Amino acid sequence: MASTALAQPNQPTKRWHNSYYLVMSAWRTLMLNKSVFARLTIVPFLWTLGIMVLMGVGVVATSTITDNAIRGPLTDNSLLTIAYGAIIYLALSYIANYYAGATVIAALAQFEGRLIRYKESMQAVQQHRKEIFAFSLLTSTIGYILQLIEERLPFAGKIATWLVGTAWAIAAMFAVPVIVTTKQKISALDAVRNSAGIIKKTWGENIIVNSGIAAVGILAVVLYFLLASIIAWTAVAILGTGMGIVLPLVAVGTIGLFATFLVLSALSAIVKAAVFYYATSGRTPEEFDTELLRASFTSKKARGVFGAL
């Protein structure tokens, strides 16, 4: 009993250690082909930004501002509002999955010792565009329905939708890698089933995803905010608070924050590709450690999340 009690506090430290080295392994992978991974992260971000701008334009163009509120056909919780939101949700999901597929292709090629160009990765993922769209339609529909339910249910309902959403996210974790590595056509449901099957085969049925990498990302953003705040306060103290000082600081800070998110997104995609490569081939990419990849999932003494798949 005494030894168990002493071992427990070390678990969070171990997770942080594993997560840190996973992120650093992904960073080394990224730096070996940084121009490709940079474009595979920046381009979908620009597409996403464009869609968000168009969404805002659509709302403003069809609405009027009265009593400090925006009223219109796209803001009144009507069926049109739900349909408009579903279309936007699908578009964003498709862009994310499409470029995630291209990133997986580039990473898997690198794990096999071959660096490919941006154009090659895009040509390869283009062959699976229909399957990726079908999966995006499926996952965005489920996600959007869960979001609508969560907004309309009390606290217990929110917990239930969160649990369902988490189970789905785990089961579908490798769906995009499955799609882009399968030569024949595959349906969205079969891609999710295969993804769940890969996880069950490698880690067992009762598992949870270690969230250490997300925690590392949150820590990176917090540190960025602290550093940016110190620099901003120092600059204002020395140079003053004129618009010629504040606006450039805000612009640079915003660009830096976006760059931080883009790098974290690329690192997360590379880690997922490495875990998929390990689970499907039994081999470990040169930049990664086998035990760290296996520790991406851990056993959980609870009911399995894959029972229905």
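The legends below describe close-up views of a predicted model.

In this predicted model, local features need pLDDT of at least 70 and side-chain atom pairs count only at pLDDT 80 or more, while totals for chains, interfaces and linings use all residues. Residues are numbered from 1 along each chain as its sequence is written, and side-chain values use heavy atoms, with hydrogens and water left out.

**View A. The buried residues of helix α5.** Helix α5 spans residues 118-126, and Y118, S121, M122 and V125 are buried in this helix. Helices (H or I, at least four residues) are DSSP runs, numbered from the N terminus. Buried means under 20% relative accessible area, exposed over 50%, and partly exposed in between (1.4 Å probe, protein chains only). These residues lie on the same side of α5, because they cover an arc of only 95° around the axis. The arc is that of the directions from the helix axis to the C-beta atoms.

**View B. The surroundings of Q110.** Q110 belongs to helix α4, residues 79-111. With a relative accessible area of 6%, Q110 is buried. Residues up to four places away in sequence aside, Q110 touches T29, L32, N33, F37 and L115; contact means heavy atoms within 4.5 Å.

**View C. The packing of helices α6 and α9.** Helix α6 (residues 129-152) packs against helix α9 (residues 188-203) at an angle of about 80°, and their axes are 8 Å apart. Axes are lines fitted to C-alpha atoms, for helices over the stretch in contact, and angles run from 0 to 180 degrees between N-to-C directions. The two helices, α6 and α9, are therefore roughly perpendicular to each other, a term for angles of 65 to 115 degrees. On the α6 side A134, F135 and L138 take part, and they meet A188, L189 and V192 of α9. The residues of this contact comprise six nonpolar, no polar and no charged; Ala, Val, Leu and Phe are among the types counted as nonpolar.

**View D. A salt bridge between E131 and K185.** A salt bridge is a side-chain nitrogen of Lys or Arg within 4 Å of a carboxyl oxygen of Asp or Glu. E131 and K185 form such a pair, with their closest N and O atoms 3.7 Å apart. The pair links distant parts of the chain, 54 residues apart: E131 is in helix α6, and K185 is in the loop between α8 (175-181) and α9. E131 is buried at 9% relative accessible area, whereas K185 is exposed at 68%.

View E. D190 and R193 are joined by a salt bridge of 3.0 Å, N to O. Both residues lie in helix α9, three residues apart, about one turn of the helix.

Notes:
Parallel < 35°, antiparallel > 145°, perpendicular 65-115°, else oblique.
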